Each structure stands twice: as C-alpha cells, then as structure tokens.
Amino acid sequence: MFRHKYAVFGAGCLLAATVACSNTANPISPNAAVPGSGAAGPNGETLKIDAPATTAPTGGATSSFPLTLTVGNVAGKYASFPVTYRYEIRNAAGTTVASGTQAAGSGSVTSIVVSTTLAFDAAHSWRVRAEYNGAVGPWSGAASFRSPAGSFIRGNEALDLLNDGKTVGQAVGPVTFSADGAKMNDGSAYIAYALPQTLQEGEFSFMATNVDEGNPGDKSKVMSMGEGCHDDVTDNDYRNTLEVRGSIYPSPGTISWRIITGDSREEMHRITDSHRTSMSWNRSDWNFFKIWWQAGIAGYEIRSGGPTGAIIDAQTHGTSGHAYRPTPHCVYVGAPPTRAGVINQTHPGQIVKNVWISGNPRPTFPSIINRGQ
C-alpha cells in the first residue's frame, strides 16, 4: 500500500518550537475543519494534500476498453497515511455518469478500472481527489477524453453492438442490420468472429429476439463455436453449440446444447450433451443467450429480457477435464455450413445484438445505444 502524508486544515501550533502539536499525533484533528469553515480550504477541502494529477486519459484522447483512469499519486504534508482516491466522470452536458473510490496503489501512479460502461464514442471529462476518513483534499482539474468507440476484437475478447449498422466480425450470407440488431434472414446467414487468441475459459453471450419454434429448420443453432473458421461445427473437436430447434424437428422449440473438448470420437468421452428442454417461444421477446466453459465444467443459460432476467433454462455439466483450446478459435452468431445442410445451420430469422466474448465479466451495455441489455 502506498503511504501518503496528509494533515487537516486548521490553526497552526503557536509554540511549535517547544510544544508538541496535538494534530501531529493525530493527523485528523479533533477540531478538524468542515467545508465552509474558516479553517477549510478555498473550496471546502479539509485535508492538507495536493490535488492528484489526471495522467490518462487526457486531451480528448479516445480511451481503451475497459476504461482505465491513471492517477498521479500525491502525499500529504505532515503525516504518512494511506489515502483513497475518489473520481467523477461527467458527460458533455455536465451530468455525473460514473463515480467511485479506490485505495491508492504503490509507486507513482494508481490505475482505476471503471466498472460503469459509458455511452460509446462520446465526449466525457473526469476529475479526482484524495480522501481519508471523511477528510477531503482538493479536486484535480477536469481532463477530457472520448469513451471507447464500442465494438472491437482484441486478443481473445470481442464486443460487437450489431445495432449500429455494422459488425467487427464477418457477416456471411443474407445478414441485414438495423437499429434492433443483425438479422439472420435464413439458415445460411451467420456472423463469424476469428479470435486472434484462443479463449480457453470464458463466455459467449448476446441478446436475441425473433427466436421461435415456428421458424424453419431442424437442429438450428442460435450460437456456436469451434476450431477453424467457417468449418463445420457438427463433428468439430472443439464444438460448442446451443440450438433452438425449428419447425421441421419433431418437437419444435427444443433447446439442445453440446460441447466437445478436444476429440469428437465417442470413445474419448469428451462429448457432453445437455438434457433437452421442450419450450414454447414468443418471437417478440428479447432473451439473453449465453454459453460458458471452464476446465472440467461448462454450461449455458437463457434468460428473459436480459442477463439478470428470470432464467428460462440453464444447465451445468462436468466435462472431461481436457482443456478447451481450439486453434484457431472461431465463434459464430448462428453457425457456418454443416454437413446436413442449411436446415441444421443457423436459427433463421433471429435478430442479435450486444455480443460479448471474453474471460471477463459481461459489461453493462449503455441503454442510449442498445435499447436493452
């Protein structure tokens, strides 16, 4: 923990040369100043410490995702003690849209990862101050920046809004974009995300509507992934698929999930299937779809309305323990062509937005853009 010097604004010791000041023994004086008092700083500060430096982002630069604020550490004037930094982020209208605190780190700077997801690609400013036990130092000056631009693929992580008229993946077949998201107009349409690095543990999730048992198809895939881009995922050694079966299937609307962790041969015991769930769907509903995987365990969940909504269906299953390590790792909205043809490819008609592929927790997508979760 980085140690900082500080003292409370207040009257100085009149006999400092011969008499010990009571405020030296207790950095927070029993007569500590309060904002607006004669002993407070010009802006109500009650802690004798300089304003921290807003090191990055500054100067209107576009920040990375997740947003990280870099603070230049400051020390108090009369005693060593750990301080906490409080930050505020404002939008272009001057409204505070995010705030929080974090203990100072070691070294010359402290990095603060902001958990609140801001409206993408918009002007913002931020400021910071040091605090201790209710006493506060002066605010820094405001530093300007632009929030992250939104969609990206970086390493083994991807975020794709899909309701901004484009994709960072590769759209194949009849995919159309609107303010609602990307629509897979028939079973041959899909979006592929070729990850530069394999994601061995994590999640793949998105919001989708127009998923319904009345849509054409058989073993139609809402989402999938595997080894090799645009390769058949059916018998892929690293298959991970979630299906909502179409009108051709004997029980339309059935949910089915399968993961293969390294070998598609049955004798290797690396094929894991869910218990099939019969469902009746409402095509106008927005639902949250997620598949996830870790060493020795994997599963899926479907929720109503968003990632914190009521569970429609969720299952967890143990796997062989073999690492999930496709190379290259390709992730799909829908699925690429399969050996059984288009009826077993993508769930046709589904509209998808807010794709998240990562080993990190899913962020909250700004409502100003996403019209949902």
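Student: What should I know before we start?
Tutor: The model is predicted: local features need pLDDT of at least 70, side-chain atom pairs count only at pLDDT 80 or more, and totals for chains, interfaces and linings use all residues. Residues are numbered from 1 along each chain as its sequence is written, and side-chain values use heavy atoms, with hydrogens and water left out.

Student: Where is Gln315 found?
Tutor: In strand E25, residues 311-318. Strands (E, at least two residues) and helices (H or I, at least four) are DSSP runs, numbered from the N terminus.

Student: Is Gln315 buried or exposed?
Tutor: Buried, because its relative accessibility is 10%. Buried means under 20% relative accessible area, exposed over 50%, partly exposed in between (1.4 Å probe, protein chains only).

Student: Which backbone oxygen does its side chain reach?
Tutor: That of His275, at 2.6 Å.

Student: And which side chain does Gln315 join in a polar contact?
Tutor: The side chain of His317, at 2.8 Å. A polar contact is a pair of N or O atoms within 3.5 Å; within protein, one must be able to donate a hydrogen and the other to accept it, and residues adjacent in sequence count only if both atoms are side-chain atoms.

Student: New topic. How many disulfides does the structure hold?
Tutor: 1. The disulfide joins Cys229 to Cys330, S to S 2.4 Å. The term means a pair of cysteine sulfur atoms within 2.5 Å.

Student: Why is it right-handed?
Tutor: Because the torsion about the S-S bond is about 105°.

Student: Is Cys330 buried or exposed?
Tutor: Buried, at 0% relative accessible area. Cys229 is partly exposed, at 26%.
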